[in-house]
Structure formats: structure tokens, C-alpha cells
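This briefing describes how the chains of one predicted model are arranged and where they meet. The sequence and structure are shown first, and the notes follow by topic.

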Amino acid sequence: MREDRKSGRWLTAALLAPTSLWFLVMLIFPLIVILVFSFGERAAVGGYAGGFTLEQYANLPSRLKAFQNTLVIAPAGTLLSLLVAYPLAYFLALRVGRQYKLILLVLVIVPFWTSLLVRTYAWIFILGGRGIPALLEFIGIEGVRLINTPGAVLIGIVYGYLPLMVFPIFVSLEKLDKTLLEASSDLGGSPFKTFIQVTLPLSMPGIATGCMLVFILLMGEFLIPAFLGGGKVFFIGNALVDLFLQSRNWPFGAAVSVTLVVIMLITVSLYMRMTLRSKTGRDESLM
Amino acid sequence: MSKSNDNRPITAKRFMKELRRYEKGSVSRRHFLGVTGLGTAMAVMGAAMPSLWPGKAQAGDLGDRLIFSTWPNYHDQANLDEFTAKTGVNIQVNAFGSNEEMLAKLQAGGTGWDVFVPTNYTISNYVALDLIQELDLSRIPYYDAAANNPKFAGPATVNGKVYCVPKNWGTTGFVLNSKEIMSSPKSWKDFFDVTMGAGSGHTIVHDYQLTTIGAALCALGYSFNSIDPKELAEAEALLIKSKPHLFAITSDYQPGMRSGDGWMSICWNGDATQLHNDLPEMEYVIAADGGEIWTDFYAVPKDAPHLDAAYAFINFMQDPKVQAREAAVHGYAPTDSRAIALQPPSLASDPILHPAENLMNGLEFGAAQTLTDPVRAEVMARFKSA
Amino acid sequence: MANSTSNSNEIDIEFRSVTKRFEDVVAVDNVSLKVERGAFFSFLGPSGCGKTTSLRLIAGFDQPSEGDVYIGGKSVVGIPSHKRPVNMVFQQYALFPHMDVADNIGYGLRQRDPKPARQEILKRVDQTLEMVRLSGYGKRRVWELSGGQQQRVALARALINHPTCLLLDEPLAALDRKLRREMQIELQTLQREVGITFILVTHDQEEALSMSDRICIMREGQIIQSGSPRELYDEPINRYVADFVGKTNFIDGDVVDAIGPLVSIKSESGQVFSGSQPPGAPPIANGNKACVAVRPEMITITNIGETSNATNITINGQVVNRIFLGEHTEYLVATEGCGEVMVLSPKSIESANRSFEPGDHVSVSWGPEAALIIGDT
Ligand SMILES: Nc1ncnc2c1ncn2[C@@H]1O[C@H](COP(=O)(O)OP(=O)(O)OP(=O)(O)O)[C@@H](O)[C@H]1O
Ligand SMILES: [Mg+2]
């Protein structure tokens with residue numbers, strides 16, 4: 001009996017080994033490399049020169065503004081995406097006839113088929129002097145500057161990340177048992193109260209997933225701020241691009257990355273705790 | 001391309017052609033693809049999917065491909081096609097954004113590049129890092145050292161050995177929209193004064209430490225290439241002071257200038273030509289208090305996999321007729337007097353391509369140490385992050 | 001089955017020529033009906049006949065295409081469901097999965113304007129939990145409960161609002177047979193206690209017969225017959241109703257003699273059967289197709305030639321099957337010329353006579369009062 005159990009344990013370990021190795025190679029190893037780099041020094045001509053110093057971490061305050069920008073605009077962009085995506089997902093999931101649903105869903109994804117780069121480029125022209133400001137001037141509103149402002153970056157974020165936010169919310173609303181809405185109405189709940197008390201809480205998993213996806217990706221975003229912020233709205237992602245591709249200061253880049261990873265880990269664990277608590281008991285009836 | 005090929009996936013050649021067309025309209029010279037990482041993506045894709053390449057059964061001694069890293073909008077596709085037609089060598093073009101990025105890639109190793117286009121001040125660094133190889137000039141018969149002005153060709157020779165051959169030269173000044181800016185600024189000092197005055201909110205500086213910090217240094221009366229920490233600190237202060245008045249920090253400044261948002265920008269003369277051709281009010285200024293003069297070269301990395309093709313390609317591009325045709329498209333001047341002689345008079349006398357000698361008195365070639373100086377890199381990063 | 005607390009004659013729910021179309025489907029077709037206050041009313045019919053749609057028209061989830069729906073004497077057409085004084089128990093219960101039992105039950109009270117005080121809500125929830133025998137379950141998650149308990153939560157959630165009328169859409173369909181039986185009794189008891197109108201949708205005729213004061217039998221969106229269970233059982237106006245309500249033997253034939261309600265038909269075998277037409281059935285004339293319907297419990301089974309009464313109709317045949325049902329024994333007899341006849345023989349008679357085995361030759365007979373003549377429509 002005991003022998004059996006022992007060999008079973010070995011078997012489990014053997015079966016798990018490839019997965020563990022994969023996990024190690026794909027996730028842990030790069031992180032360790034970055035961690036080691038972050039305590040090193042920049043070589044004279046750029047790159048990594050070994051050593052052990054806390055200098056890189058001491059230099060973090062020089063990128064304070066980038067951290068601040070990211071930590072303000074990423075949550076704001078996430079929130080704004082949510083505010084735009086939710087009504088869209090709601091409309092698609094609950095208001096659109098089955099025959100149009102697929103077409104409209106595809107329309108939401110279609111922009112994803114071209115690169116974000118090309119789409120963001122289109123926004124440079126839309127928000128630039130010949131775009132919306134010219135239209136506003138035409139109706140008498142002068143001197144509006146859109147491009148290269150935090151507002152433009154937010155617009156780009158909402159545009160670029162919309163599908164990522166729409167889909168999880170759409171799925172959770174699709175899954176929502178529509179008779180629950182009738183039940184609420186039957187019990188005297190006005191459409192608004194029904195939304196607040198039934199639809200919204202039951203779509204919470206979708207909201208949380210969408211926000212998490214968008215937020216995490218936004219923390220590393222560099223394309224949209226570079227293009228729509230004109231280099232004046234500077235994210236941590238831009239600082240990293242500069243550090244690795246321009247000044248080739250790998251150790252400092254690594255230190256910034258490690259800090260970013262730590263911030264994200266904290267956010268994700270907060271998210272996990274939040275959803276775990278609110279989810280107690282929901283899965284079985286919803287999934 | 002034969003009819004029977006039509007249902008095959010897009011060929012690399014066509015892909016590049018399409019990409020080039022896209023770049024023509026919207027992308028200026030430097031930095032664009034560097035920021036996007038598209039250059040890298042293309043390089044990886046090309047290496048990972050050799051089946052994209054139409055196989056040449058009769059491929060000669062040169063092999064069937066060449067990987068070429070250069071800048072956007074810097075070639076006439078017709079010339080590249082002609083080379084392929086003559087030799088059977090398909091050219092995979094990677095467009096890069098900055099010298100720093102090229103260096104970063106080569107330092108990391110395994111690029112697979114055969115030929116690339118570095119700028120003068122980087123060459124001694126590449127030699128010191130043992131990243132490029134000495135050229136056997138006998139394999140580049142079209143290259144005529146005597147026809148090249150040593151002022152431009154000089155950096156190709158390091159410790160008496162020739163590591164590259166010149167491609168084009170140009171200047172870095174600024175472009176302004178004369179309909180918006182009436183005060184006709186003449187210097188970098190004027191440039192920053194206008195930026196923080198009448199032109200507030202409409203100036204573009206490069207996302208490129210060499211030119212942006214260089215411009216600020218010149219405005220303060222220092223050398224474009226200074227690495228003196230005190231002088232750099234002053235330049236940083238000037239840049240940070242001007243930051244609220246800037247329209248953008250980007251090396252992709254053509255769209256901003258064309259849309260009317262940008263009134264003034266640090267500018268390479270080829271971009272100025274392109275802008276001026278479309279919008280006559282765009283004027284190019286070589287600043288009286290300094291600036292950059294530069295030469296780009298063809299060089300071969302140490303580990304170039306297709307060396308024969310690399311030599312054949314460089315030689316082809318050195319043909320004065322090819323050089324002249326190239327210049328007519330991208331708007332940068334050849335260094336080769338034979339090629340200049342072949343240019344139409346309108347181009348040969350164009351003041352943006354060939355400024356009067358006295359205007360260029362204050363211009364400096366980029367210095368080797370500016371590429372790697374950590375203080376300059378950090379100053380730029382702090383300015384952007386401010 | 002009369003309801004003690006009912007205030008008879010007062011009409012709670014009324015349909016006036018209500019039609020509901022979904023694109024080209026006519027789900028409810030020109031239906032008029034009245035439900036008295038305090039009644040236990042059932043919609044009975046096969047799948048897709050429009051029962052749920054009728055209920056949804058009352059609840060306000062759907063609006064009629066034509067006609068009027070009245071609740072408590074007032075037309076409610078156009079009034080949304082959250083403003084109607086009726087409540088529904090859904091087929092799958094539709095309990096809110098993100099709330100515990102108490103919050104589910106208190107949901108309706110919380111929607112009131114003004115909202116009752118927290119204490120008041122808690123008190124009412126406790127009372128209601130007690131009423132459905134779920135005291136102490138308030139803090140449970142709804143998905144932790146058994147099917148029957150969930151069903152009772154759904155009932156409590158509706159009843160706590162004191163609706164004038166409770167709508168139940170196949171509330172017991174998801175339960176097993178034994179639990180269903182228990183819940184049927186509970187529902188009936190509850191209805192008597194609270195004294196409000198219950199409208200039940202079911203396709204289970206036994207359930208409808210045992211629970212309801214009145215039943216409305218539907219087919220393809222139309223009402224075929226409505227009445228008390230006894231009326232429907234004893235006097236089905238057509239073969240559809242007779243077939244749907246209880247088991248019946250049918251013998252087809254042509255009408256040969258029709259004087260008032262008394263009708264004679266001649267079967268294919270040439271035998272003549274007489275009987276009366278149920279009141280309210282459309283009149284039939286000589287030569288029409290009709291059938292004679294006889295309930296199996298009205299038929300006696302005997303040895304051949306032992307028929308007791310001369311006025312009885314007698315057919316000979318052979319037993320093909322016998323099933324003991326405890327109180328009754330069910331025989332299936334293959335007759336000469338009249339197909340298979342089902343006979344339900346009470347235990348008392350079984351013990352007096354000898355019982356029959358499959359293969360025995362027997363006579364089946366019934367008195368003229370047991371036979372109904374039903375038009376073929
Ligand atoms: N929303 C709808 N859209 C289209 N057709 C519908 C809709 N609701 C019901 N119908 C149709 O109306 C008819 C009656 O449906 P209803 O749900 O009332 O039947 P039912 O008697 O409740 O059947 P069941 O016993 O199967 O529940 C059916 O043919 C159904 O297909
Ligand atoms: Mg139904």
C-alpha cells in the first residue's frame with residue numbers, strides 16, 4: 001500500500017516535470033535574468049557589465065514622472081474603456097437580435113485584424129490639426145489642440161483596447177440568464193434598478209477580467225503614448241524602449257522592469273482577492 | 001512574377017513593395033520603425049520563413065538573398081529590383097530608426113545582416129567593438145576614392161583600414177512654416193526663442209539625443225558634440241524649460257508639419273526637400289550657430305552570412321548612375337562627384353541638397369563618443385520623462 | 001374544491017379577444033377568458049399551445065398584438081411588468097444566484113417605493129420562510145438548496161409581495177414524481193391559506209385535474225373548453241378534450257339518429273350505439289361522423305352471456321392484457337369490430353367475481369348513461 005502510494009507520487013512528479021520545466025523556462029528564468037541585470041552596471045558602450053550595485057534602483061526617481069503618468073493614465077484609460085465598452089457589450093448581448101449579433105461582433109474585432117500601429121496612425125490624422133480641430137474651427141470653436149495631449153492618448157487607449165474590454169463583458173452578459181431580468185421586473189424592479197441589482201453584479205466577472213487585461217497591458221504600453229502623445233505623454237513603456245533600444249542601459253532598464261512587475265503583481269493579487277471574495281458561490285450557478 | 005504564382009501567399013518582394021508604398025506617404029526618415037519594433041519583426045519573420053522567398057533554381061554564386069538594414073525612405077525600389085533581376089539575389093530590407101538601435105541589435109548578435117547603413121560617427125565604435133569588417137575595395141570596382149570628397153569619406157577609414165564606403169551626406173537644421181513664423185529665425189538660439197515665444201506649442205524636436213541635445217548645446221554657444229557635464233546640464237535645463245512649449249518630441253515630424261500643428265522642427269535636409277516640394281512655405285534653415293553635417297555609409301557586419309552578395313550589392317549601389325537615380329528619389333546628396341555630375345541641374349543646384357559652403361562652416365560631424373556617452377543618453381531620457 | 005375565502009363573482013383576470021403573434025406564429029389566438037378572484041385556475045395543453053405566452057401576457061413580459069388584458073377590472077395593456085400587481089414563479093425558478101435565500105425573498109419588498117425599513121423586511125422574510133417551511137435557511141446560498149427547496153424559495157419570493165394573482169409556469173416540472181405530489185398538495189394548501197388567485201400552467205392533466213378549480217384547455221393558441229375538472233371529465237365537448245382529460249375509449253361511426261341531445265351512431269361493424277351529447281357541444285346531424293366515448297371505469301367486464309342488464313350495450317372480445325393497479329385492475333380487451341377497449345375494474349368487483357386472464361373470452365358492457373356522443377371536430 002505504502003509502496004504504491006510512493007510510486008504514485010513519483011509518477012505524478014514525472015508527469016508534472018515537463019510542465020514545471022516549461023513554466024521555469026518560459027516564466028521564471030527570464031524574470032531571474034532581469035532581476036540579476038537590475039543589480040548590475042551599464043557597460044561603457046552600453047549593455048550589461050555585471051557587478052552588484054543598488055545604483056539602478058537609486059536612480060528610479062529619475063523616471064518618477066513616467067511612473068506617475070502610467071499609474072494615472074492606465075487606470076483612467078481602463079475606466080474610460082469600461083465606460084465605453086459596457087454599453088456596447090450590453091447592447092450586443094441583450095438588445096441585438098440573434099441574426100445581427102455575429103455581424104456586429106465581427107465588426108468589433110475587425111480593427112484587430114490590422115496592426116495597432118496603422119490604426120493609431122489614422123488617429124494622428126483624425127486628432128491632428130487637419131482633423132477634428134479643423135472641423136471645430138469650421139463651426140467657430142478655435143484653438144482646440146487634441147493631438148499630443150493626455151486626452152489624445154486616452155482616446156487612443158479606449159480605441160485600441162475596446163475589443164479587449166468588450167469581449168469579457170459581452171460573454172458574461174451573454175451567459176446571464178435573461179429570465180433573471182424578467183424575474184426582477186416581475187418583482188417590481190424598474191429597468192434601472194434591475195440593471196443595478198442584477199445585471200451589473202452578475203457581469204462583474206467580465207468587468208473584472210476586462211479591466212485586468214486592459215490595465216496590465218496598459219502598464220506596458222508605449223506605442224499609443226509615443227504616437228498620440230507626441231513623446232510628451234511619457235509612459236514607463238516608453239522609458240523601457242529608450243533604455244533598451246536607445247541608451248542601451250540594460251541594468252537600469254531591468255530595474256525599471258522589476259519595479260513594473262512588482263506593481264503589477266500587487267495589482268493582480270488585489271484583483272484576485274477581490275474577485276475571489278465577490279465570487280464565492282457564484283461560479284456554480286453562473287458557469 | 002509568373003501567373004502560376006498568383007495564388008501563392010504574398011511574396012517577400014511584393015510585401016516590401018507594399019510596405020514601401022505605405023512608408024512613402026506617412027513615414028519620415030528615422031526613428032519610426034525603431035520605435036515600433038517593426039524592423040525587428042520583419043527581420044525575425046524573414047529569417048523564420050525562408051519559404052516566403054521565391055526559390056531561384058539557377059541562383060548563381062551569390063546565393064539567393066541578402067539582408068539589408070537601412071533607413072526608411074532612403075532608396076528607390078526600382079534600383080533594388082534591378083539588382084535582383086541582374087543577380088537573382090532577393091533583398092530583404094529592414095528599416096531602422098536610429099543608430100543607437102542598430103548598435104543595440106548588432107551588439108546583441110545574430111542579426112543575419114549582410115549590409116547596413118551606419119552614420120559617420122558610429123563607425124569607429126563598430127570597429128572598436130569588432131562588429132564590422134574591413135572591406136576589400138577590389139571587390140567594389142565602382143567605388144572611386146578619388147571621386148569622393150575626403151571630408152565625407154574620411155570616417156570610413158579607421159587605423160588606416162577602410163571599413164565602409166559612403167552613401168549620401170546631409171545636414172541637420174530646422175524646417176519652418178513661413179506662413180506661421182514670420183520672424184525668420186536663423187539660429188538654434190532663435191529656434192528656442194521662437195519656441196518659447198510666438199511659436200509656443202508648435203515646435204517639434206527629435207526623439208534622438210544627438211540632434212536634440214546638439215541643437216540645445218548650439219543655442220547655448222557650445223559644441224554640437226559636447227559631453228561636458230556642465231554644458232549638458234545647461235542644455236538639459238533649456239530643453240526642460242522649453243518642453244511645455246513643444247508640440248511633440250518625435251523624429252517622425254513630417255505628419256505634424258503637414259497637418260499644420262507643427263510650425264517648426266529640427267529637420268534632416270532630405271525631409272525638408274520632401275516637405276518643400278509639397279508645401280512651398282516650408283523653408284529649410286541651416287542654423288548659424290551650428291548643427292550637424294553627416295555621411296551615411298554602406299558597411300558589412302563581421303558575421304555577414306552572404307558576403308559575396310554583400311559586395312555585389314554595394315558595388316551596384318556605388319554605380320554613379322544608380323547613385324544619381326537614388327538621389328532623385330530620396331532627396332539626399334551623393335558624395336560621389338561622378339554621381340553629382342549626372343544629376344539634373346535643378347537638383348545639382350538645389351540649396352537644400354547642396355548648400356553654399358559658407359553656410360556649413362559652423363556644422364560639425366557627430367563625434368564617436370556622443371553615441372555611447374551615458375550622460376547624453378540620460379539627459380535625453382530625463383528630458384523626455386520630465 | 002370551493003374556495004372558502006374567495007369572493008366569488010369578482011373577476012381578477014380577464015382576456016378580451018386577446019391575440020399574440022410572433023412574426024408568423026400565432027401563439028395566442030383570439031382568446032377570451034375570465035378568472036375569478038381566489039380561484040385556482042389552470043392552463044392545460046400540449047407543448048407549444050400558448051400557455052406560457054398567456055401567462056406572460058398577464059405578467060407583462062409580452063404585450064398582446066390585439067385585444068385587452070384586464071387585472072382587477074383595469075386594462076393593463078402597455079403597463080410594464082414591474083408595475084403590475086401580479087407575481088410569477090418561473091419554470092426554472094430564476095432565483096438570483098448572487099444573493100442568499102433571504103435577499104432573494106426580500107427582493108420584491110426592496111423594490112417598493114417607499115422602501116420598507118430593514119427590520120420590517122427581515123421580519124416579513126422570516127414569516128414567509130416559515131410559511132414555506134424553510135425557517136433558518138435565510139443565509140443559505142440558493143444554489144446550495146435542493147430542487148424542492150429552491151421551488152419553495154421561488155414561491156416565497158413571489159408570495160411575500162401579496163400579489164393579487166400568482167402565476168406559476170410549470171412550477172413542478174423539474175421535480176421528481178414523489179416531490180411533485182407533495183408540492184402539489186402544499187401548493188393547494190398554500191393557496192387556500194393566502195386566498196389569492198393562482199394561475200397555473202401545466203401540460204400534466206393529472207396535476208391540473210387534482211389541483212384546479214377551473215381548467216382551460218388550449219390547442220394551438222385557442223381555448224377548446226374551460227370548466228371545472230368534473231365538467232371537463234364528464235362532459236368533454238370534443239374528442240380532443242376527452243382524450244386529454246383522463247382515459248377514454250372511442251368507437252367511431254356515422255350518425256344515424258339525432259333527436260336533441262340523444263344521438264345514435266352506427267359503427268363500421270354495423271352495431272348501433274346510443275348516448276347523449278355533452279351540454280354546450282355543437283349540434284350534430286344525421287350522416288355526420290361522430291364517436292361514442294366511454295370512460296374505462298364505466299365498463300363492466302363479465303364472462304360471455306352474463307350481462308346483467310338488457311338495456312346495456314354489450315360487445316364480446318378477448319382479453320389481451322391485464323395490469324393490476326392496486327385499487328383497480330386494468331384490462332385491455334380486443335373486441336369484435338370495435339377495436340381495443342380499456343376496462344377499469346374496481347377491486348370490490350374483482351373479488352366478487354373471478355378475475356380474467358389474457359386469452360379469456362369476455363363480454364364488456366356499459367349502460368346508456370355512460371356513453372357520450374362526441375362530434376369529430
Ligand atoms: N418570443 C417568441 N418568439 C417567437 N415565437 C414564440 C416566442 N414565444 C413563443 N413563441 C411561439 O409561440 C407558440 C406558443 O409558445 P408557448 O411558449 O406559449 O407554448 P407553451 O404552451 O408554453 O409550450 P410548453 O409547454 O412547451 O412550454 C410556440 O409555437 C412558440 O414557438
Ligand atoms: Mg411553456
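How far apart do the closest C-alpha atoms of chain B and chain C lie? They are 45 Å apart, and no contact joins chain B and chain C. Two pairs of chains are in contact, and of these chains A and B share the most contacts. The model is predicted, and the values below are computed from it.

**Interface of chains A and B**

- The contact between these two chains draws 33 residues from chain A and 42 residues from chain B.
- About 3000 Å² is buried between chain B and chain A, and carbon and sulfur atoms give 55% of that area.
- Two salt bridges are found across the interface of chain B and chain A. One of them pairs the side chains of Glu378(B) and Arg63(A), with an N to O distance of 2.9 Å.
- Polar contacts across the interface of chain B and chain A amount to 11 residue pairs, with both residues of each pair at pLDDT 80 or more.
- Several elements of chain B give two or more residues to the side that touches chain A, among them the helices α1 (12-26), α5 (99-108) and α17 (368-372), and also β8 (246-249).
- The element that gives the most to this side of chain B is α18(B), with seven residues.

**Interface of chains A and C**

- Here 25 residues of chain C are in contact with 24 residues of chain A.
- The area buried between chain A and chain C is about 2000 Å², with 57% given by carbon and sulfur atoms.
- On the side of chain A, the residues that lose the most area to chain C are Glu182(A), Asp186(A) and Leu187(A), which together account for 34% of what that side buries.
- The interface of chain A and chain C holds one salt bridge. Its partners are Glu182(A) and Arg56(C), whose closest N and O atoms are 2.7 Å apart.
- At least two residues of the side of chain A that touches chain C are supplied by each of α8 (178-186), α9 (191-202) and α14 (283-286) of chain A.

**Helix α3 of chain A**

- Helix α3 of chain A covers residues 64-95, which is 32 residues. From its first C-alpha to its last it reaches 45 Å, close to the expected 46 Å at 1.5 Å a residue.
- At Ala85(A) the helix α3(A) bends by about 30°, and Pro87(A) follows within four residues.

**Domains of chain C**

- The domain assignment divides chain C into domain 1 (11-234) and domain 2 (247-375).
- The C-alpha centres of domain 1 and domain 2 of chain C are 40 Å apart.

**Backbone features of chain C**

- Most peptide bonds are trans, and most residues other than glycine have a negative phi.
- The bond between Asp113(C) and Pro114(C) is a cis peptide bond, with omega about 0°. Pro114(C) lies in the loop between α2 (101-110) and α3 (118-131) of chain C.
- Ser17(C), although not a glycine, has a positive phi of about 45°. Ser17(C) is placed in strand β1 (residues 11-22) of chain C.

Key
Residues numbered from 1 in each chain as written. Chains lettered and ligands numbered in written order. Predicted model: local features only at pLDDT ≥ 70, side-chain atom pairs only at ≥ 80, totals over all residues. Heavy atoms only, no water. Expected span 1.5 Å × (residues − 1). Bend = angle between axes of the 7 residues up to and from the residue. Domains from an automatic or database assignment. Contact = heavy atoms within 4.5 Å. Buried area = accessible area lost by both parts, 1.4 Å probe. Salt bridge = Lys/Arg side-chain N within 4 Å of Asp/Glu carboxyl O. Polar contact = N/O pair within 3.5 Å; in protein donor to acceptor, adjacent residues only side chain to side chain.
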